[in-house]
4 protein chains.
Amino acid sequence: MNDIAPPRPRDPERTRASILNSATREFGAHGFAGGRIERIAETAHCNIRLLYHYFGNKKALYFAVLESAYADLRAEQAALDLDVADPLGAVETLLRFTFGYFQQKPYLEGLLQAENMMRGKFVAQSTRVPEEAARLKARLREILKAGEAQGVIRREVDPVQLYITIAALSRFHIANTYTLSAMLDIDIKSADWSAARLEHSVQLVRDWLVTGAANPAPPPR
Amino acid sequence: MNDIAPPRPRDPERTRASILNSATREFGAHGFAGGRIERIAETAHCNIRLLYHYFGNKKALYFAVLESAYADLRAEQAALDLDVADPLGAVETLLRFTFGYFQQKPYLEGLLQAENMMRGKFVAQSTRVPEEAARLKARLREILKAGEAQGVIRREVDPVQLYITIAALSRFHIANTYTLSAMLDIDIKSADWSAARLEHSVQLVRDWLVTGAANPAPPPR
Amino acid sequence: MNDIAPPRPRDPERTRASILNSATREFGAHGFAGGRIERIAETAHCNIRLLYHYFGNKKALYFAVLESAYADLRAEQAALDLDVADPLGAVETLLRFTFGYFQQKPYLEGLLQAENMMRGKFVAQSTRVPEEAARLKARLREILKAGEAQGVIRREVDPVQLYITIAALSRFHIANTYTLSAMLDIDIKSADWSAARLEHSVQLVRDWLVTGAANPAPPPR
Amino acid sequence: MNDIAPPRPRDPERTRASILNSATREFGAHGFAGGRIERIAETAHCNIRLLYHYFGNKKALYFAVLESAYADLRAEQAALDLDVADPLGAVETLLRFTFGYFQQKPYLEGLLQAENMMRGKFVAQSTRVPEEAARLKARLREILKAGEAQGVIRREVDPVQLYITIAALSRFHIANTYTLSAMLDIDIKSADWSAARLEHSVQLVRDWLVTGAANPAPPPR
DNA sequence: TATGAATGAGAATTCATTCAT
DNA sequence: GATGAATGAATTCTCATTCAT
């Protein structure tokens, strides 16, 4: 569903996009060191040489991939309606979105792992990434404050801890699909298991946020 | 703290252990594809050739590394005193242990990521890994049942979800040290931040377990 | 005489042929295990890497060499005029051709020895080689039958035995050039010796074929 | 039948013999370059180091192997009863012996091929090999002369050609077992095929020797 | 813009051999 | 005499990258 059609000759835009797409999957699946330029070119149905023509070299291509992945995440996140008026709902929305986003694009988790394995070389250079994160952090803070004021969320919740927890609950099982599946004899990739995991995560976060709140909402249903 | 002294000549046991130790760090830090045989030999203060003498080839060495890493984790986990009489305490013990274990051996997280990037080739072959996981799963189930019976833990908690959540809270920030640090402007490696993260995780899990319990214990302190 | 000129740059066909030619000689002279990739590249005046570019790896190159050697032999053999009307002459033609062919391309014998040392890994996979042999066997059978009918060739000659004998007489001294030369104090490589050996072989085969024939031709001369 | 039992510890003679035996088979099967020291030690049930202790290095071991192989052949050949009184019978005896000897020890053919692939390095150094060959050549000459005198063998037969032909008929199919078997769809290793080949060879040589003799013996049976 | 040919640097691996006991 | 540990020198092979058209 996410595929980009093989480029028609002499359509530079499409060629570029196709390479980027292939590279995203390749680096996501095998990391930077394990990623193969040749495989990327093949998957993108283009000549290796062309890849160099557009992106210069392997690392630059990798950077372009990360740039574009972050940009996409950023755009979709910005489009979320995180309503301060409904703080618990807003947090749940963010969790459901994050969970779904990484489920839809499993290579993305691999990409972020690759970036960490490279000790964050790319993020360290980026200015937009921390900017955008700061914006989200601020938004979360507002939401938590509003919840606290309404008495529906406990006091003194650290938005950073909340954010990391949301990410952890959304992404950890994707990063560890194979080891967890083998160890625990479950099928993490199945829709059923995913759905159950999501509900567990939502419940976990809500129960924690609500515990000790001044004026907790009645439990759903 | 975990270092093994450079092998004195003619001490095969120590040589072997030293190679394994170096390899663990190398693969943990750079993954399988990024791991360099030469670097491992250097760090282990031994000849590249010796490494082949003991382990045969790169993949076999990698397998030996995983085997030994799992064995170590298994051994320490088995030594835990998870007391059914204190269900909430037992869960907290497991969480604190897991959190601490991965914090102490940061290369371990890298190793597990590498294994997932290789689509679980090793775990898929192992019989001991799933066996040991099944044992822990069963233990968790007992604990949860006891907690339910005592009225201190909510009903129908899935031990698998609990286990994955514990792992996620213990490990996600380690896997994502660099990206999270850069994005959120925090120092994940610092002892302070770690301690705060651990307390957050403990609270999160406990609040969720307790919510809706028949006869909840009074909050601590 | 069989050399292929060093490839001009950017002439892939010639480059490929040059590599194949060098490899033929190298494997013929040193066998598979003793054959050196580096030497092949040198002789072919090209980069080692290029050799991998065209042929993939050492074994694949070796297979390509055998394939081409057999193809060449096959082509020349097929061009022979083995006339059923003159059965004794036809057999002699085949013998003279085989003898000459292996004399002209001494590396070929080495190649076949290498293949036998590898227990016929290549031939076992080929379909064309046995097909072509079957064709030649059938042709020989016709010739022998015709000779029998004309009364110039003895009865019940097995074409397979005849074929192996022809090969043995044509090739054995080439395979054993060095040991025989040293032992018997002769110069097998000299044109004179070769010529004498050929005449001996022709006589041997003819005398045997004729012995006991119904209506033997008068001896030559 | 030719195996030497694994050496009991501290029986140097047996150890040496066992190594030599293993080496003979190894070099016979894989050539010099393809022969593996490690495999030899394994097969001989001894330590690699020991092999060096006894033989010095790979090439020296190879030379020892050839020396011993030639010595054995020489000894058995010398024991033959080549009776001048029955020239045709003597030639047949030599042929049958040679054929049988190489059939019994198939690795021997491989050894001689290896020696030729090394351009006869060993034979070139040996004095005993050509001496012994000269003796056999002289004997053959006597036999042929006697046959000529009796009128049962044609005139002017070159003993060297005869000797090479005998060797070729005895050994060629062994050197080329795999290629011939695959090409011609026969089982060269089977006892039946071998027997047939031997009879063919005997007939071939006799018919040729007899052709044109002054006073040929009546054909057998 | 596009491409097949060519290459240098480096990585894994093999193999015979020596060291130390 | 016997042995396991250790090593240097190739050798095959991989991979990103540049050349020439």
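**Reading helices, chain pairs and a DNA surface**

Modeller: Start with helix 10 of chain B, whose buried residues pack against helix 6 (106–117), helix 7 (121–125), helix 8 (128–150) and helix 9 (159–175) of chain A, as well as helix 9 (159–175) of chain B. Bear in mind that this is a predicted model.

Biologist: Which residues of helix 10 of chain B are buried?

Modeller: In helix 10, residues 177–184 of chain B, the buried ones are Tyr178(B), Thr179(B), Leu180(B), Ser181(B) and Met183(B). Asp185(B) follows this helix and has a positive phi, near 55°.

Biologist: How do I read "buried" for one residue? Is Pro87(B) buried or exposed?

Modeller: Count the neighbours: a residue is buried if 20 or more other C-beta atoms lie within 10 Å of its own. Pro87(B) has 23 C-beta neighbours inside 10 Å, so it counts as buried. Its place is in helix 5 (residues 87–104) of chain B.

Biologist: What does Pro87(B) touch, leaving out residues up to four places away in sequence?

Modeller: With those left out, Pro87(B) touches Ile143(B), Leu144(B), Ala146(B), Gly147(B), Gln150(B), Val152(B) and Ile153(B).

Biologist: Now the opposite case. Where is Glu156(B) found?

Modeller: Glu156(B) sits in the loop between helix 8 (128–150) and helix 9 of chain B. A residue with 12 or fewer such neighbours is exposed; Glu156(B) has 7 other C-beta atoms within 10 Å and is therefore exposed. Its phi is near 60°, a positive value in a residue other than glycine.

Biologist: And what is the phi of Glu156(C)?

Modeller: Glu156(C), not a glycine either, has a positive phi of about 60°. Glu156(C) lies in the loop between helix 8 and helix 9 of chain C, and with 7 other C-beta atoms within 10 Å it is exposed.

Biologist: How should I describe two copies of a chain?

Modeller: Two copies of a chain are related by a rotation about an axis and a shift along it. The same surface serves both copies, since 100% of the contact residues of chain B recur in chain A.

Biologist: How many residues of chain C are in contact with chain D?

Modeller: In that pair, 46 residues of chain C are in contact with 45 residues of chain D. Helix 9 of chain C gives the most to its side, with 11 residues. That side divides into 23 nonpolar, 16 polar and seven charged residues.

Biologist: Which chains do not touch chain D?

Modeller: Chain B does not touch chain D, and their nearest C-alpha atoms are 13 Å apart. No contact joins chain A and chain D, where the closest C-alpha atoms lie 34 Å apart.

Biologist: How many residues surround DNA strand F, and which are the closest?

Modeller: DNA strand F is surrounded by 36 residues, the closest being Lys58(A), Pro12(B), Asn47(B), Lys58(C) and Arg49(D). The surface near DNA strand F divides into 15 nonpolar, eight polar and 13 charged residues. Among the helices that each supply at least two residues of this surface are helix 2 (37–43) of chain A and helix 1 (12–34) of chain B.

Notes:
Residues numbered from 1 in each chain as written. Chains lettered and ligands numbered in written order. Predicted model: local features only at pLDDT ≥ 70, side-chain atom pairs only at ≥ 80, totals over all residues. Contact = placed C-beta atoms within 7 Å. Helix = DSSP H or I, 4+ residues; strand = E, 2+ residues; numbered from the N terminus. Nonpolar A, V, L, I, M, F, W, Y, C, P; charged D, E, K, R; others polar. Near = placed C-beta within 6 Å.
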